Amino acid sequence: MERRKYIAIVSAAAVVIVVAVCVYLAQLSATVAGNLMTSVDEISRHDVETIEGTLNNCYARLGSVADRLEVYDVQTVHEAQEQLNLEAASSAMFNAVYLMEADGTLYSSSYVRLGADEHAYDELMEDGREHFAMLYDDENGRLETTKESLIFGIRLPDTEIGGRTFVAMLARSDLSTISSQLVIESFDGQGVSSVVNARGYYIVSASPATDLAGRDNFYDTLEAGRIDDGVTVEDIRRNIAAGESFVINCTTSAGEDLVMSFAPVAGTEWSFIMTVPTEVFSQRFAPFIAMTVGMLGAMVAVISIMLAVIYRFMRQSIQARAEAVARTEFLSNMSHEIRTPLNGIIGLNHLMERHVDDATAMRDYVNRLGKAAQYLLSLVNDILDMSKLQAGKVDLTSEPFDVNALVDNVCEMQRGPMADRGIRFELSRTVEHPWLRGDEVRLSQVLMNILSNAVKFTPEGGRISMKVHEAVYASGNEAVLTVSIADTGCGMTKEFAEHVFDAFTQERNRNSDSQKGTGLGMSISYLLMTQMGGSITVESEPGCGSCFTVIVTLPTVANGDGLTPAQAPSLISSSAEGAEGVGGVERAEKVEAETAETVEAPGAPGAPGAVRAVSSPSGVEAARAPVEILVAEDNELNADIISSILTEEGFSITVAENGEEAVRLFSESPAGHFAAILMDAQMPVMDGYEASRAIRDLKRADAKTVRIFACTASTFAEDRNRALASGMDDFLSKPLNVTVMLQKLEAVRKGGAS
Amino acid sequence: MSSESRRIHRGMIEPAFPPTQSVVPPIPRRGMTRRAFCAGAAFLAAAGTLSLAGCNSLPFTGAAPVRLVIKVPRTGHDVVFDDSISQVETVIQGMAEGFQRDYERPVDVEVVVFEQNQYDEAVKGSFDTDKAPDVLYGDYFNISTYIRTGRVVPLDDVVAPAIRDDLFDDLWNMGVVEGRAYMMPYLARQNVLAYNKEMFRNAGLGEFVAEGKITAWSLDEWTRILDALAASLPEGSFPMMMYAGSSQGDTHIVTLLRSAGSSIYDDTGHFNLSAPEGIAALRWIQEGVGRGWFPPHAENLEIEDCSSLFRQGQLAIYMVNNASITRYGDTVGLVNFPGPDADGSATAFASGFQVFDNGDAEKLQVAKDFLSYVYTDERWLDYAAGAIPASKRVSDRYGADIPSYDLFRANADNVWDFTGGSPDTQTVRDVFYTGIHDLLMGKTTPEECAALLDAQCNAAIDEGWAKSQLHE
């Protein structure tokens with residue numbers, strides 16, 4: 001759920017960022033477009049002013065022509081026309097100049113005379129305006145040209161020439177002459193200015209015609225294309241006629257998207273048009289997009305890194321806090337759990353001092369003292385297991401093992417307690433391929449935890465059923481092993497069942513024997529199964545019992561492949577230790593036969609069969625014989641205890657204070673004198689590992705065969721491996737399990753020593 | 001727009017003309033030569049495909065359309081049987097659409113229309129670009145200049161005997177250079193002078209008004225008429241056209257210079273105005289300025305000024321052609337330019353086609369096929385009926401409908417080539433009018449003007465010859 005929550009939060013944040021970026025880009029686009037339109041407006045204003053300035057210049061020049069007529073003091077209309085002819089010839093702007101008589105008659109510089117009924121230019125001055133400029137077309141009267149031209153006109157103060165009154169002066173300019181002065185490019189040549197009259201004919205165009213027959217019409221161009229936003233050509237025509245400023249978006253017939261800005265030219269019916277391809281806007285906007293995307297990308301990256309760092313710090317902080325809490329809780333639990341048996345030991349010690357002469361009481365106190373010590377030992381073992389599992393430092397082995405043997409061994413270890421309490425035990429199994437590869441010891445530990453719990457919590461006369469099922473994959477390379485252990489015990493509440501795999505949990509509703517547990521077994525089992533890639537689950541109902549199910553997938557191996565004779569006893573003996581020394585159960589006939597073969601194998605003492613053999617009281621008595629044992633132990637108390645125990649069991653003991661002395665004593669002894677060496681791992685002068693190597697390197701017959709047992713409080717697998725690697729044969733963890741130690745040494749004695 | 005282009009895509013534009021009828025003769029090909037080439041190319045392509053997969057060096061062009069550019073100046077044009085036609089570019093557009101529709105392979109024809117004063121921009125200015133003309137339609141005195149660029153190809157292989165026989169010799173010969181035809185005549189407009197009958201009669205010159213004929217007057221008669229007009233016309237009216245504001249005045253002025261018998265050009269095609277006849281003619285014109293024959297300061301006028309004056313009844317004599325006289329109705333009479341003999345002179349503007357070699361043999365062949373298509377399809381030749389058709393058959397069909405057709409055909413013998421076969425007519429025109437400009441202003445004497453014109457015009461001619469190269 002947490003992961004989904006985080007994903008949802010991150011997704012929501014991403015959506016918010018994307019939306020924000022889109023909104024920002026939209027706003028940015030609008031701003032850029034707005035700025036560009038402002039630029040367009042400014043350019044338009046500037047261009048309109050230029051055009052208006054050009055027109056004013058034309059008006060002024062025309063006025064100068066009129067002034068010069070007075071200076072030349074022309075007397076007749078013909079003389080005036082001749083003078084106008086010369087004016088036009090010398091003008092770079094005007095191709096023809098005209099005088100308009102009060103009655104409307106027009107006299108040109110090329111001597112053409114148009115009567116008032118032959119033109120309509122006089123009407124342009126009727127509204128009282130002082131000047132005008134218009135695009136020439138023959139509708140107002142045909143002049144001496146078919147070229148596209150501009151007509152300028154100024155009002156004259158009544159001028160008398162040859163007895164006639166003239167009221168206006170007009171001039172005609174080829175559009176190609178003046179247009180070049182008006183065409184203004186912008187936006188690196190992509191923006192083009194043009195001027196059209198109300199009828200849509202171009203006064204200024206990027207590619208002007210020179211003949212009326214070839215001129216284009218702006219409205220025709222618009223009609224051929226498409227105008228956006230529902231604007232019609234009629235709307236534009238109306239706006240231009242009304243002298244409005246406005247903007248349209250359109251697409252030409254060639255598919256080019258354009259933005260057109262219109263502005264009226266004062267004193268005319270013209271509209272200035274600034275045409276800019278939409279692409280220009282995109283081009284101008286592109287750098288902003290790139291910069292914005294880059295900047296946002298950088299910001300997102302920085303923020304992401306910062307969030308990741310903060311998240312990591314927070315996570316570490318939370319984890320550290322949780323670990324601190326867990327440590328405190330753990331220490332609290334440990335303190336309680338360790339103090340409990342210690343309290344018993346101290347109390348018993350006190351009682352033993354008080355009743356030292358009471359043999360019966362002393363026997364009871366010693367018996368209870370041993371149980372408290374055993375509990376303390378199992379507690380320490382569990383704590384170590386938990387610590388290693390939680391630290392991820394448990395290295396699971398991957399060795400071939402026999403599922404049937406594993407199950408039998410586990411059952412056998414609990415058969416005694418079950419028999420003691422009258423519990424009916426039912427075992428059913430479906431094992432198609434018994435040989436699997438995995439950590440047999442740890443798997444046994446898990447099953448033992450479950451089964452021992454079942455025994456603990458099942459009342460007398462109850463029932464425990466164990467079902468073993470193996471399903472081999474079609475490939476034959478892997479098998480799913482499912483083990484279910486159900487009991488008819490007190491069961492668990494639903495709430496407790498949810499925490500049954502947490503550390504230090506025990507339902508506080510139990511019979512007296514339940515106090516024997518450390519409360520770590522299920523936690524260890526859970527962690528072990530997790531590490532194996534398997535699972536452990538529980539179904540329980542108060543008063544009805546519980547059912548634990550272990551499921552793990554393991555690779556299959558051919559029968560006994562890869563299993564060396566030396567490995568089997570080591571594993572099984574470890575299993576026995578991990579299962580807190582519980583043993584003495586009967587086995588199925590078939591399995592027993594297989595185990596017996598293993599026991600009979602040479603050099604395999606300590607195998608399950610051997611353990612069972614020496615654990616039999618009759619067996620121990622029969623096998624007693626003088627055997628020399630070298631004990632290398634720097635701790636004097638431990639050395640005395642071991643010596644006392646072994647001496648009472650009929651062994652002859654020689655003690656060495658360090659490894660060097662042990663080597664010396666062994667080398668000085670006759671060949672075959674010592675049957676076994678109990679070698680403490682950590683000793684001054686020379687430790688046990690080095691001493692073992694030294695002994696094995698000795699040039700004597702028994703150097704390679706003498707049994708060397710590592711005795712160490714370091715019980716991790718690497719310690720065990722290190723001991724074996726240094727030449728030791730077996731491993732006895734401290735505090736010593738006396739029974740196990742005696743079993744192993746009895747095996748040595750029975751094997752005829754070295 | 002200075003030029004407009006209209007790309008034609010097969011089937012997209014409704015033809016402006018009726019679709020080709022079954023009577024239309026097939027497009028002539030270059031005999032078996034091209035067919036043999038195509039067949040050979042197809043064979044080689046097929047063989048190459050089969051035997052040399054991946055080899056693409058064979059000259060097989062596939063079905064990609066050939067793009068053809070046809071350029072035409074914006075020119076007024078009437079057709080006697082189709083009132084919808086007012087511009088010659090419309091006719092060219094129709095030809096292009098018909099060709100594109102009927103041609104044997106995909107072709108994409110673009111017709112580019114340009115203005116009359118932008119020949120060089122439209123032609124030379126687009127050389128070596130994708131807008132270079134493959135076919136050019138225009139007036140001979142304008143487009144003849146391009147023959148000497150070496151890009152205009154001879155069209156003898158296009159002209160089947162039937163086609164050649166159908167074209168009038170005088171128009172055909174205008175396009176022949178060094179014995180090879182570089183221009184295909186389509187129509188012609190013959191230029192003569194027109195006089196305002198009413199003004200003549202008002203001036204007491206009714207005896208010179210002739211009905212139904214193109215008359216001719218002697219130089220003395222011309223002088224008398226002009227003096228009479230100058231003396232009698234009211235203020236603001238003038239006897240005869242004269243303009244030298246631009247190079248457009250050369251046609252009628254150089255023809256007027258034949259008035260005293262000058263040949264204008266010597267045997268080598270160089271100006272020969274310094275001969276006595278030339279100087280006399282120049283003097284005749286210069287004296288006319290002082291005698292009021294022309295509008296004052298005619299050196300500043302344009303042809304359109306004189307046209308307007310004539311149209312307004314302020315000019316008694318003006319140059320017209322067989323197409324433009326219709327606008328004046330019966331108010332004008334026709335007369336040849338004076339000299340060099342009693343029949344006087346006329347000029348003609350022949351218009352027709354050139355084909356350009358732009359380095360693409362495939363396009364060149366398609367361009368020639370276009371001309372074959374036009375000249376073998378009598379429908380397209382018919383559209384010349386409005387001016388004087390170059391086709392005899394069209395003349396036969398429509399001569400009766402063409403205004404004053406018989407008069408002008410009969411006057412064809414008096415037409416002279418005012419270009420003198422110059423290799424660069426435009427440059428000669430550009431320097432010629434400036435000499436006349438100064439003469440009219442009185443800046444130069446007739447002798448000085450003759451010397452100046454001979455020197456400058458002949459320099460232009462020599463330079464033209466020096467640059468001249470004909471397409472092989």
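**Asp680 of chain A and its surroundings**

Trainee: Which residues does D680(A) touch, leaving aside those up to four places away in sequence?

Mentor: In this predicted model, D680(A) touches A632(A), E633(A), D634(A), G688(A), C711(A) and T712(A); contact here means C-beta atoms, placed from the backbone, within 7 Å. Residues count from 1 along each chain as its sequence is written, and chains are lettered from A, ligands numbered from 1, in the order written. Local features need pLDDT of at least 70 and side-chain atom pairs 80 or more, while totals for chains, interfaces and linings use all residues.

Trainee: Why does D680(A) count as buried?

Mentor: Because D680(A) has 26 C-beta neighbours inside 10 Å, and buried takes 20 or more (exposed: 12 or fewer; partly exposed: in between). D680(A) sits in strand β23, residues 674-680 of chain A (a DSSP run of E, at least two residues). UniProt's unreviewed entry places "modified residue: 4-aspartylphosphate" at D680(A), though such annotations may be inferred rather than shown by experiment.

Trainee: What makes up the largest nonpolar core?

Mentor: That core has 207 residues, and M169(A), V195(A), M241(B) and Y318(B) have the most contacts inside it. Such a core joins buried Ala, Val, Leu, Ile, Met, Phe, Trp, Tyr and Cys residues through C-beta atoms within 7 Å. Y318(B) touches M241(B), and also F310(B), among others.

Trainee: What is the pLDDT over residues 1-61 of chain B?

Mentor: There the pLDDT, the predictor's confidence from 0 to 100, is below 50, whereas the mean for chain B is 85. Where pLDDT is low, coordinates should not be read in detail.

Note on methods:
Helices (H or I, at least four residues) and strands (E, at least two) are DSSP runs, numbered from the N terminus. Two residues are in contact if their C-beta atoms, placed from the backbone, lie within 7 Å.
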